[in-house]
Amino acid sequence: MERRTFLTTALVGTAALALGVNLYAPEHIKVNKALDSEHRLLFSVLLPVFLDGALPEVEKLRIAAQNRTLDAITQTIKLLPADGQAELEQLLDMLENRLGLLVLTGSMTPLMMRKPDELIAMLEYWRNSFLDMMVTAYQGLRELVLASYYSCPEHWNSLNYAKPTFLEA
């Protein structure tokens, strides 16, 4: 067997395997995906990374803040223009899809199974990437998470911000 034939066969076999893994989804995963139409699971993995140091230390308060932020993310997405929503939906679908993960991160390991250090490294790579698409994806996700977190009045105190009182007369 020639070297070229071997390399071509290996490349085609790997692509076919990746496509097969991507297309195969057990029934319980399909049902869960339908229930998670707002990408709450994906954002629950990204929240601690983007909000490192901002989330409360107490577990109950941390969970409450994360749930409140996930609700705020859903509301913020609804306020985006239609083309912005479509781009964000495309990015989130790629992050939840193994083939999309392979393209965006170089690994087919789901984000939910990655350690925080791996997620930080992935996001730092996106942040400093030479591809504008990766930088835009990082900035979009970061701004969405931070804007949603700090849109909740209970988090304003950490910014030393107080609601204006002249409007309350």
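Biologist: Let's start in helix α7. What residue range does the helix holding Tyr125 cover?

Modeller: Tyr125 sits in α7, which spans residues 116-127. Bear in mind that this is a predicted model.

Biologist: Why is Tyr125 called partly exposed?

Modeller: Its relative accessibility is 49%. Buried means under 20% and exposed means over 50%, so Tyr125 at 49% falls in between and counts as partly exposed.

Biologist: And what makes Pro116 count as exposed?

Modeller: Pro116 is also found in helix α7. Its relative accessibility is 53%, and the cut-off for exposed is over 50%, so Pro116 gets the label "exposed".

Biologist: How far is the C-alpha atom of Pro116 from that of Leu46?

Modeller: Those two C-alpha atoms are separated by 8.9 Å, although the residues are 70 apart along the chain.

Biologist: Back to Tyr125. Which residues make the nonpolar surface patch, and what is its area?

Modeller: Tyr125, Phe130, Leu131 and Met133 make a patch of about 490 Å².

Biologist: Now the charged side chains. How many salt bridges does a search of the whole structure find?

Modeller: It finds 3.

Biologist: How do you know that Asp71 and Arg40 form one of them?

Modeller: The N to O distance between their side chains is 2.8 Å. The cut-off is within 4 Å, from a Lys or Arg nitrogen to an Asp or Glu carboxyl oxygen, so the pair qualifies.

Biologist: Why do you say that the pair ties parts of the chain together?

Modeller: Asp71 lies in helix α4 (residues 59-79) and Arg40 in helix α3 (residues 40-50), so the bridge joins parts that are 31 residues apart in sequence. Asp71 is partly exposed at 41%, and Arg40 is partly exposed at 25%.

Biologist: What makes Arg127 and Glu124 a salt bridge?

Modeller: Their closest N and O atoms are 3.2 Å apart, and the limit is within 4 Å, so this pair counts too. Arg127 and Glu124 are 3 residues apart in helix α7, which puts about one helical turn between them. Arg127 has a relative accessible area of 43% and Glu124 one of 31%; both values lie between 20% and 50%, so each residue is called partly exposed.

Biologist: How do you know that Glu143 and Arg142 pair up?

Modeller: The N to O distance is 3.3 Å, which is within 4 Å, so the label applies. Glu143 is partly exposed at 46%, as is Arg142 at 32%.

Biologist: On to the second largest pocket. Which residues are closest to its centre?

Modeller: The volume of this pocket is about 440 Å³. Of its 15 lining residues, Glu87, Leu88, Leu91, Thr136 and Ala137 are closest to the centre. Helices α5 (82-95) and α8 (132-150) each supply at least two residues of the lining.

Biologist: How does the lining divide into nonpolar, polar and charged residues?

Modeller: It has 9 nonpolar, 5 polar and 1 charged.

Biologist: Last one: how many helices and strands are there in the chain?

Modeller: There are 8 helices and 0 strands. Of the 169 residues in the chain, 28% are buried.

Methods: Residues are numbered from 1 along each chain as its sequence is written. This is a predicted model: local features need pLDDT of at least 70, side-chain atom pairs count only at pLDDT 80 or more; totals for chains, interfaces and linings use all residues. Side-chain values use heavy atoms; hydrogens and water are left out. Patches are made of residues with over 30% relative accessible area and no salt bridge: like charges are joined within 9 Å, nonpolar side chains (Val, Leu, Ile, Met, Phe, Trp, Tyr) within 5 Å. Accessible areas come from the Shrake-Rupley method with a 1.4 Å probe; for residues, only the protein chains shown count as cover. Helices (H or I, at least four residues) and strands (E, at least two) are DSSP runs, numbered from the N terminus. Buried means under 20% relative accessible area, exposed over 50%, partly exposed in between (1.4 Å probe, protein chains only). On a 1 Å grid over the protein atoms alone, a cavity is a set of points where a 1.4 Å probe fits but cannot get out, and a pocket is an open set with protein on both sides within 12 Å along at least five of seven lines; lining residues have an atom within 4 Å of a point. Grid points are joined across faces, edges and corners, and a volume is the space filled by probe spheres set on the points. Ala, Val, Leu, Ile, Met, Phe, Trp, Tyr, Cys and Pro count as nonpolar, Asp, Glu, Lys and Arg as charged, and the others, Gly among them, as polar.
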